[in-house]
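Here's a quick walk through the model you have open.

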Amino acid sequence: AHALHVAYGLGLNNKWARQGGNPFADAKWDEAWKTSAVSEQEWKSIRATLAAEIQGWSDVLSRPREVSDIELRGMIGVIVHTAYHLGAIRQIDKSIRGPREGTF
């Protein structure tokens, strides 16, 4: 659910960066949270989508552009919000957690 949520949110931000306007107006933020289990193939697809959206957002951030104050605040908020969810994913998935206490 965290991965779907992040991919969806970054997809909206990438759409905003490409097309402008307000792609968030009719966003369905609750959809991702309805997911509690996926197949191996679905998980692979979710990870691929997430990777593509992260790369897209990274590309947006790497190119200088003029933005209003509210857009800049929104962009910073996206960075912080995404970091929160990526940290949650890291905590949930034992295979990608950091070192255990006392092992570093």
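## Starting at His2

His2 sits in helix α1; helices here are DSSP runs of H or I with at least four residues, strands are E runs of at least two, and both are numbered from the N terminus. This is a predicted model, so to speak: local features need pLDDT of at least 70, side-chain atom pairs count only at pLDDT 80 or more, and totals for chains, interfaces and linings use all residues. Residues are numbered from 1 along each chain as its sequence is written, and side-chain values use heavy atoms, with hydrogens and water left out.

Is His2 buried or exposed? His2 is buried, at 17% relative accessible area, where buried means under 20%, exposed over 50% and partly exposed in between (1.4 Å probe, protein chains only). Leaving out residues up to four places away in sequence, His2 touches Trp33, His85, Ala88, Ile89 and Ile92, a contact being heavy atoms within 4.5 Å.

## Helix α1

Of the 18 residues in α1, 13 are buried, so this helix is largely enclosed by the rest of the structure. Its end C-alpha atoms are 25 Å apart, which agrees with the 26 Å that its 18 residues should span at 1.5 Å a residue (the expected span is 1.5 Å times one less than the number of residues). Just after α1, Gly20 takes a positive phi of about 75°.

## The nonpolar core

The largest nonpolar core holds 13 residues, and Ala3, Leu10, Trp16, Leu50, Trp57, Val60 and Met75 are those with the most contacts inside it. Such a core is a set of buried Ala, Val, Leu, Ile, Met, Phe, Trp, Tyr and Cys residues joined through side-chain atoms within 4.5 Å. Two or more residues come from each of α1 (2-19), α2 (40-62) and α3 (69-92), and α1 gives the most, with six.

Take Leu50: apart from its neighbours within four places in sequence, Leu50 is in contact with Ala3, Val6 and Ala7.

## The whole chain

The protein chain has three helices and zero strands, running α-α-α from the N terminus on. Its C-alpha trace spans about 45 × 35 × 20 Å along the principal axes. Buried residues make up 24% of the 104 in the chain. Among contacts between residues at least 6 apart in sequence, 63% join residues at least 24 apart.
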